[in-house]
Amino acid sequence: MKKILIVLAIIIILIIGLWAWQSSQKSPVAKIGDRTFNLYLTKTNEDKQIGLSKYDKIDDSRAMIFSFEKPDYYSFWMKEMKFPIDIIYVRDDKIVTIHKNVQPPKNDKDLQVYSSNKPADTVIEVNAGLSQKYNIKEGDSITVSNI
């Protein structure tokens, strides 16, 4: 009986420890002004190619982040996208370009390519209209954490 109680106590302690550890793991976020966005991460080149096109929609509190090793003129398109977005280009934690209300193409022949006016090292995509709604503009600072 004592062995069973000890085993149960160990299992309970492990479960509580795992729960506490998971609770301490913070989600990746981007903060622009007083707005915080929970981030979808693009970890691979395939993730970057697919981007938000795998979603039918996202919540206004969500964004997708594309991080690059060095600043450059990275191009984005809306292939297979199902909803409009704002594309925010960032360099050294400052917004350098915003493409607002970028619409999905009617077909693949109408694909338009978007890039920044200055080299960027990060791109963040949010639902269309949020940069205007939250008064996000070029020159604003952005803080990304828990990546």
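Strands β4 and β6 run antiparallel and are joined by 6 bridges. In this predicted model, Y89 has V123 in β6 as its bridge partner. Strands of a sheet pair through backbone hydrogen bonds, in either the parallel or the antiparallel sense.

Strand β6 also pairs with β3. That pairing is antiparallel too, over 5 bridges. Here S67 stands opposite T122 of β6. On to β2, residues 35–41: this strand pairs with β3 in the parallel sense, over 4 bridges. N38 has R62 in β3 as its bridge partner.

Now take the whole sheet. It is open, has 7 strands and mixes its pairing. The order reads β5-β4-β6-β3-β2-β1-β7. Which strands stand at the edges? They are β5 and β7, the latter covering residues 142–145. Each has a single partner strand, so one side of each lacks a neighbour in the sheet. From one strand to the next, the twist averages 30°.

Next, the packing. In soluble globular proteins, nonpolar side chains tend to be buried together. The largest nonpolar core in this model has 19 residues. L52, F76, I85, I87, Y89 and V123 have the most contacts inside it.

Another core lies apart from the largest one. It has 16 residues, including A30, F37, V126 and Y134.

Key:
Residues are numbered from 1 along each chain as its sequence is written. This is a predicted model: local features need pLDDT of at least 70, side-chain atom pairs count only at pLDDT 80 or more; totals for chains, interfaces and linings use all residues. Side-chain values use heavy atoms; hydrogens and water are left out. A nonpolar core is a set of buried Ala, Val, Leu, Ile, Met, Phe, Trp, Tyr and Cys residues joined through side-chain atoms within 4.5 Å. Buried means under 20% relative accessible area, exposed over 50%, partly exposed in between (1.4 Å probe, protein chains only). Two strands pair if DSSP finds at least two bridges between them. Helices (H or I, at least four residues) and strands (E, at least two) are DSSP runs, numbered from the N terminus. Axes are lines fitted to C-alpha atoms, for helices over the stretch in contact, and angles run from 0 to 180 degrees between N-to-C directions.
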